[in-house]
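Dear colleague,

Please find below the structure that I am handing over to you. My findings follow directly after it.

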Amino acid sequence: MPGIIEPIRADITMLSVDAIVNAANERMLGGGGVDGAIHRAAGPELLEECRRIPEVAPGVRCPTGEARRTGGHRLPCRWVIHTVGPVWSGGNAGEPDLLAACYLGSLALAAKAGARSIAFPAISTGVYGYPADAAARIAILEMQVGLRQYQQIERLIACAFDEATHRLYQNLLSGGDR
Ligand code: AR6
């Protein structure tokens, strides 16, 4: 049985899934948006664990387009997959490929850990300014690729915080806007 993709409007920190994905930055020491919400809900142990992740360059624990895994600490999920989406700068700086790599790389890490249910926020569409509709298409497409690639995954949640993003996901998943 192939897994399913569910569009849900929720605070991702409340979801009881194996893994949630965080839209982090390269330093991985917290920030605003969903990153701030995840750190607040997970508690200071998450920040401690993030600090222990080695830097690959000064101030960079996770380069843009890559992902790193930590525990969920006080969250209901077992793991947090931190990924760093591209900052939107017009679309000709590799943003679509980098965003796609965030989704697939996060899925690869979560699957390797044994996750069967994974929730994604709309990576890059807040502070990083990626247009919501273009980002939603990439998000759903890469989740579909991931479901085919990682047969153990039963459930992917496309978690929207706002109604407009939720609608975009619903339309794409119902085949109404291709
Ligand atoms: N649950 C689910 N989605 C949320 C939540 C939540 N609790 N809170 C916000 N969102 P953003 P980015 C949505 O800005 O654009 C941070 O400072 C939000 O509505 O969190 O990738 C990091 O540290 C939007 O749709 O992430 C980085 O520096 C989506 O999550 C930078 O922002 C992503 O918005 C990353 O920017």
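Two strands are said to pair if DSSP finds at least two bridges between them. Strands (E, at least two residues) and helices (H or I, at least four) are DSSP runs, numbered from the N terminus. By these criteria, strands β1 and β6 (residues 155–160) run parallel and are joined by six bridges. Proline 7 of that pair has alanine 158 in β6 as its bridge partner.

Please note that this is a predicted model, in which local features need pLDDT of at least 70 and side-chain atom pairs count only at pLDDT 80 or more, while totals for chains, interfaces and linings use all residues. Residues are numbered from 1 along each chain as its sequence is written, and side-chain values use heavy atoms, with hydrogens and water left out.

The sheet

Six strands form an open sheet of mixed pairing, in the order β1-β6-β5-β2-β4-β3. Its edge strands are β1 (4–9) and β3, each of which pairs on one side only. From one strand to the next, the twist averages 25 degrees. Helix α5 (residues 163–173) lies across β1 and β6 and runs at about 155 degrees to β1. Here, axes are lines fitted to C-alpha atoms, for helices over the stretch in contact (heavy atoms within 4.5 Å), and angles run from 0 to 180 degrees between N-to-C directions.

Strand β4 (residues 79–83) is mostly covered, with five of its five residues buried; buried means under 20% relative accessible area, computed with a 1.4 Å probe on protein chains only. Trp79, Ile81 and Thr83 point one way from β4, whereas Val80 and His82 point the other way. With β2, β4 pairs in the parallel sense over five bridges, and alanine 23 has threonine 83 in β4 as its bridge partner. With strand β3 (residues 67–71), β4 runs antiparallel, again over five bridges; there, glycine 71 stands opposite tryptophan 79.

Asparagine 22

Which strand holds asparagine 22? The residue lies in strand β2 (residues 19–23). Asparagine 22 counts as buried because its relative accessibility is 0%. Its side chain makes a polar contact of 3.2 Å with the side chain of histidine 82. Such a contact is a pair of N or O atoms within 3.5 Å; within protein, one must be able to donate a hydrogen and the other to accept it, and residues adjacent in sequence count only if both atoms are side-chain atoms. Leaving aside residues up to four places away in sequence, asparagine 22 touches Val34, Asp35, Ile38, Val80, Ile81, His82 and Thr83.

Yours sincerely

Definitions and conventions. Buried means under 20% relative accessible area, exposed over 50%, partly exposed in between (1.4 Å probe, protein chains only).
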